[in-house]
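Reader: I'd like to go through this model piece by piece. Could you show it to me before we start?

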Amino acid sequence: MDIKVIITNFILQLKIAIVFLYFGLKKTIKNIMKYLLFLFIATLFFIKSYGQLEKRNWLIGGNGSLYSYNETFRSPSYNHYANYTNIDLSATIGYFLKDKFVSGI
């Protein structure tokens, strides 16, 4: 990973934070520290990562979601209240048979 790309991404996000601070946010130390922490975490998401796509490596991943809502139905003769929750978790695993060719589930 090139350090110039990391620094450029961080400076861009710092400029965005300064604009947000300028347009109506209180300029207290506590808020500035919160935004700097946010920028640091956001920068981690924008940094490109380079994976190993070579033969004899394992690929492991997964996905998850949580969905929840309440439902209310009222009529003169019937009241219905319900809570629905859906949790979805899935895992993936693969093995590189050749360079840049993976097989798995």
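Author: Here are some questions and answers on the fold, the strands and a few side chains. This is a predicted model, where local features need pLDDT of at least 70 and side-chain atom pairs count only at pLDDT 80 or more, while totals for chains, interfaces and linings use all residues. Residues are numbered from 1 along each chain as its sequence is written, and side-chain values use heavy atoms, with hydrogens and water left out.

Reader: What pattern does the protein follow along the sequence?

Author: Helices (H or I, at least four residues) and strands (E, at least two) are DSSP runs, numbered from the N terminus. The protein has two helices and three strands. Read along the sequence, that gives α-α-β-β-β.

Reader: Which residue in the turn between β2 and β3 has a positive phi?

Author: On the β3 side, lysine 98 has phenylalanine 101 as its bridge partner, and phenylalanine 96 is partnered with valine 102. β2 and β3 form a hairpin with two residues between them, and the turn residue with a positive phi, about 65°, is lysine 100.

Reader: How many residues lie between β1 and β2 in their hairpin?

Author: The two strands are antiparallel. One of the bridges pairs asparagine 70 with asparagine 83 in β2. Between β1 and β2, the hairpin has four residues.

Reader: Is glutamate 71 buried, exposed or partly exposed?

Author: Glutamate 71 is found in strand β1. Leaving aside neighbours within four places in sequence, it is in contact (heavy atoms within 4.5 Å) with His80, Tyr81, Ala82 and Tyr84. Buried means under 20% relative accessible area, exposed over 50%, and partly exposed in between (1.4 Å probe, protein chains only). Glutamate 71 has a relative accessible area of 30%, so it is partly exposed.

Reader: What separates the C-alpha atoms of glutamate 71 and tyrosine 81?

Author: Tyr81 is among the contacts of glutamate 71. The two residues are 10 apart along the chain, and their C-alpha atoms are separated by 5.7 Å.

Reader: What kind of aromatic pair do tyrosine 67 and tyrosine 69 form?

Author: Rings of Phe, Tyr and Trp (its six-membered ring) pair if their centres lie within 6.5 Å; planes under 30 degrees apart count as stacked, over 60 as edge-to-face and the rest as tilted. The structure holds four aromatic pairs. For tyrosine 67 and tyrosine 69, the centres are 5.4 Å apart with 50° between the planes, and the pair is tilted.

Reader: Which residues form one aromatic cluster?

Author: Tyrosine 67 is partly exposed, with a relative accessible area of 49%. Tyrosine 69 is also partly exposed, at 34%. The cluster is made up of Tyr67, Tyr69 and Tyr84.

Reader: How many of the 105 residues, in percent, count as buried?

Author: The protein exposes about 9600 Å² (Shrake-Rupley method with a 1.4 Å probe; for residues, only the protein chains shown count as cover). Carbon and sulfur atoms supply 64% of that area. Of the 105 residues, the share that counts as buried is 10%.

Definitions and conventions
Two strands pair if DSSP finds at least two bridges between them.
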